[in-house]
Amino acid sequence: MADNNAGSLYSTTVIDKDFYAIEENGVRCFLIVGEDRALLIDTGYGNGNIANYIMRITDKPVTLINTHTDGDHIGGNNLFEKIYMHPAEFDYYSQKNNRKPLPIWEGDVISCGDYSLEVILIPGHTPGSIALLDRKHRFLISGDSVSRVPIFMFNQGRNMYAYIASMKKLRTFKDCFDKIYTSHGELVQYPSIIDELIEGAEAVITGNVEPENPPRPLPCKLYRYKNVMFLIRY
Ligand SMILES: [Zn+2]
């Protein structure tokens, strides 16, 4: 079956053995290949067929996990049989997709080949956002919640107070990882960004950051604090 010019839409970066980043027009998904299955983390905008694309890398059956369910992370979900996410995300997901997802919970460890991903619930960006921690390889997959591109904190379900609490929770795991693989912007961030995000988010909610116009027409303002940014409707 043709793959809708997937070759030009997607690109792959090898991060480590059996661990790949797959980019689609500014959003990043991750693929881990094990002996008898592969794990796909997010599915992008869905402008191409990511299921066909990843068959260039693996023919193993794919288990899909969503870090959260903003449109740029779930576009290819319907190409996969089983879709896992934190149940705090189910309501938001059901507004956009009538497939029934399956639950993963905080503390669950999802193993695939040499990798073991531990689920950490980090609400704030969305109610059921998760990060995935591999203690052996010392990395964190953060979804949108950790990034140097503006973090979307407007629209339904966003909560700056929950976000700050979640970043403080991630900070308690800081000794467990050296790298953070993010969904937008640079592939790699480092644990010190978490302190910047906490400081920035606290400065925003206490009114200590001057709002700027957003980089494109959006119903919100841009709040820039040092090297992190938030988009908020204040
Ligand atoms: Zn995103």
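**Entry 1: β10 and its partners**

I started with strand β10, residues 130-134, in this predicted model. I looked up its pairing with β11, residues 139-141: the two run antiparallel, with 3 bridges between them.

Next I checked β10 against β9. That pairing is antiparallel as well, over 4 bridges. Leu 121 is bridged to Ile 130 in β10.

**Entry 2**

I moved on to β9, residues 115-121, and β8, residues 109-112. They are antiparallel and joined by 4 bridges. Cys 112 faces Tyr 115 of β9. I counted 2 residues between the strands of this hairpin. Gly 113 has a positive phi there, near 55°.

What is the order of the strands in the open sheet? I read it as β8-β9-β10-β11-β13-β14, 6 strands with mixed pairing. β8 and β14 (188-189) are at the edges with a single partner strand each, so one side of each has no neighbour in the sheet.

**Entry 2: the nonpolar core**

I then turned to the largest nonpolar core, which holds 56 residues. Which members touch the most others? I found Leu 31, Ile 32, Leu 40, Ala 131, Leu 132 and Phe 230.

I set aside its neighbours within four places in sequence. Its contacts are then Pro 150, Ile 151, Met 153, Gly 200, Ala 201, Val 204 and Tyr 223. As background, nonpolar side chains tend to be buried together in soluble globular proteins.

I noted the background first: most residues other than glycine have a negative phi. Then I looked at two residues with a positive value.

Asp 18 has phi near 65°. I placed Asp 18 in the loop between β1 (10-16) and β2 (19-24). Is Asp 18 buried, exposed or partly exposed? It has 18 other C-beta atoms within 10 Å, so I logged Asp 18 as partly exposed.

Lys 226 has phi near 50°. Its loop lies between β16 (221-225) and β17 (228-232). I found 10 other C-beta atoms within 10 Å of Lys 226, so this residue is exposed. The cut-off for exposed is 12 or fewer.

How values were computed
Residues are numbered from 1 along each chain as its sequence is written. This is a predicted model: local features need pLDDT of at least 70, side-chain atom pairs count only at pLDDT 80 or more; totals for chains, interfaces and linings use all residues. Two strands pair if DSSP finds at least two bridges between them. A nonpolar core is a set of buried Ala, Val, Leu, Ile, Met, Phe, Trp, Tyr and Cys residues joined through C-beta atoms within 7 Å. A residue is buried if 20 or more other C-beta atoms lie within 10 Å of its own, exposed if 12 or fewer, and partly exposed in between; C-beta atoms are placed from the backbone. Two residues are in contact if their C-beta atoms, placed from the backbone, lie within 7 Å.
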